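Hi,

Here is the structure I promised to pass on to you. Please have a look at it first, and then read on for what turned up.

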Amino acid sequence: MRLFLFLQIIIMKMPDINSLDCARPLGGAVAAHSYSSHPEPDVEDLSGHEEIPGHPLGVKPSGNALLAAENLRHAIGTFNILPDESILMLLEYLDGPSLLNIGQTCKAFYAFTRAEDLWKALFTGSPPASFSWKGTWRSTYLNIPPSEECILDCSNLFSDVLHRPFHCAHISLDPYIKNIPARNQIARLPDLSFEEFNEKWSNTPFILTEPVKQWPAYKNWSVNMLLDHYGEAIFRAEAVDWPLHTYVDYMHNNSDESPLYLFDRAFVSKMGLKVGQPDQEPDATYWPPSCFGEDFFSVLGNDRPDRQWLIIGPERSGSTFHKDPNATSAWNAVVRGSKYWIMFPSSSKLPPPPGVYVSDDQSEVTSPLSIAEWLFGFHAEARRSPGCIEGICHEGEILHVPSGWWHLVVNIEPAIAITQNFIPRAHLSAALDFLSNKADQVSGFRKDVNNPYERFVAQMQKSHPELLEQAQAELQKKNEGKKRKWDEIVHGNAEQDGGDAAEGGGFSFGFGDDSDVEVP
Ligand SMILES: O=C(O)CCC(=O)C(=O)O
Ligand SMILES: [Fe+2]
């Protein structure tokens, strides 16, 4: 009986034989695998994953080790007691020549030392004075022409840690961006007036299909056009500052799990653009749609925080879950390509989106997964969660991100976008609250701008005293409401008053300003 149970457990723990990858040629297609560290994907049709090319060195997912006759890992001697993650962590301490040396000791170390993140860190830590992008971080750092890049057959090495990034760099996005349930669809409208936005839409994500189609940027911009005009201009892409032509080489030829994203806040001056409503600025390249109204941060003049970014990235690049800075709202206009958005409202009563972890004071957000890993592990659960909103913003469309909303964005084809953050009338109190009560989290101001809250209040007092007073009154009301609720809880009379709607039947959540809204 005992032996039977033992065998049963062994059989239950055996990997699904169908998911094992047996002796495929290097570069051949590998079936989809679920890595043990990820939650099981559910309900979504992941069949689109099947055409993923094999790892360039033939490394296979860990599960394949079970039935393998040979395992290259045994050659690494004492290091064999370490998990793959620890081996990579040790290798992070080595410089380029040392990595090359240890990579020559055996095929397993060769495969480990080919991990792209090691070379990306070396490259970004001390960028060469001049270089050209060669398709991988390793060959770019070592200046090896692609034709001379050696490929050793490491098909008897079984490692999720080495296989996963390559797998994630090639998954199909289709299962995640298709079949959006009707209840989750982001509203799509031709355009809105300022009154409509201010009264009805300032807390709601939506897509406008018309305004961007008037922009010269929409009519004229393409990657090639930008290359012709600004190919030598330096743009920021995460940790690197590269000429646009280098970034475009990278964009067209990389296998990164999380491709480097061009996100440049100084593009207007770098490109010598004019921005403004066409009646006031006839040569403007783009202008904010008029429905969003004024941006109250503009009272700070040159002392305002960063507000606009040019965003360029290949398919699968994007932004992991975050809320926009300083409780601002934003618009994001797709000039070329298209973007998938998944968004959640936030409030003290709602958990963060699945797979996102926030410290108690909300100052630290950890979304430890790449976009591909998050989609694979959490998208199905997120799609079912209350408050989830999703949609595709196509070329020539603009999406509204209300203050305080969580969002994850992925480019579903190579994309060029412009985004701008602003404080609309409806979220003035949320911005004041953020600047005064989360001073340690305020970002985007020049270092010499001390006490942004006081400066903002002083400037608002000069330019919009009534609106400031109104927003401060709203804030006070909200804080009194919070205090009342606290007293009710502490003094035990919460139940008499009906308590928190979240516990009393109807589900409720708040937006950036913490006003509670019923969800059916
Ligand atoms: O285009 C993107 O990747 C999203 C950028 C973003 O987070 C935003 O515009 O708020
Ligand atoms: Fe954002």
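**A covered helix**

Helix α15, which spans residues 428–437, is mostly covered, with eight of its ten residues buried. The buried ones are Leu428, Ser429, Ala430, Ala431, Leu432, Asp433, Phe434 and Leu435. Please keep in mind throughout that this is a predicted model.

**The cores**

Ala431 also turns up in the largest nonpolar core, which has 84 residues. Together with Tyr247, Ala333, Val335 and Ala417, Ala431 touches the most other members of that core. Strand β8 gives the most to this core, namely ten residues. Another core lies apart from it and has 19 residues, including Val59, Ile87, Phe123 and Phe158.

Which residues does Ala417 touch, if those up to four places away in sequence are not counted? They are Ile311, Asn332, Ala333, Val334, Val335 and Lys339.

**Around ligand 1**

The shell around ligand 1 consists of Ile311, Gly318, Ser319, Asp324, Ala330, Asn332, Lys339, Val401, His407, Val409, Ala417 and Thr419. By type, five of the shell residues are nonpolar, five are polar and two are charged.

Three strands each supply at least two residues of the shell: β7 (318–322), β8 (329–344) and β13 (406–422). Of the elements, β13 gives the most, with four residues.

On one pairing, strand β2 (residues 206–208) is joined to β12 by three bridges, and the two run antiparallel. Here Ile207 has Leu399 as its bridge partner in β12. Strand β8 also pairs with β12 in the antiparallel sense, over four bridges. In that pairing, Ala333 has Ile398 as its bridge partner.

**Two asparagines with positive phi**

Most residues other than glycine have a negative phi. Asn143 has a positive value, near 55 degrees, and Asn326 likewise has a phi near 55 degrees. Asn143 is in the loop between α6 (137–142) and α7 (160–168), while Asn326 sits in the loop between β7 and β8.

Are these residues buried or exposed? Asn143 counts as exposed because it has 11 C-beta neighbours inside 10 Å, and 12 or fewer is the cut-off. Asn326 counts as buried because it has 23 such neighbours inside 10 Å, where 20 or more are needed.

The protein chain has a mean pLDDT of 86, and 83% of its residues reach 70 or more. Over residues 1–42 the pLDDT is below 50, and this stretch has 53 contacts in the model beyond near neighbours in sequence. Residues 494–520 also stay under 50, and the model has 53 contacts for them beyond four places in sequence. Where pLDDT is low, the predicted coordinates should not be read in detail.

Best wishes

Note on methods:
Residues are numbered from 1 along each chain as its sequence is written. Chains are lettered from A and ligands numbered from 1 in the order in which they are written. This is a predicted model: local features need pLDDT of at least 70, side-chain atom pairs count only at pLDDT 80 or more; totals for chains, interfaces and linings use all residues. A residue is near a molecule or strand if its C-beta atom, placed from the backbone, lies within 6 Å of it. Ala, Val, Leu, Ile, Met, Phe, Trp, Tyr, Cys and Pro count as nonpolar, Asp, Glu, Lys and Arg as charged, and the others, Gly among them, as polar. A nonpolar core is a set of buried Ala, Val, Leu, Ile, Met, Phe, Trp, Tyr and Cys residues joined through C-beta atoms within 7 Å. Two residues are in contact if their C-beta atoms, placed from the backbone, lie within 7 Å. Two strands pair if DSSP finds at least two bridges between them. pLDDT is the predictor's confidence in each residue, from 0 to 100.
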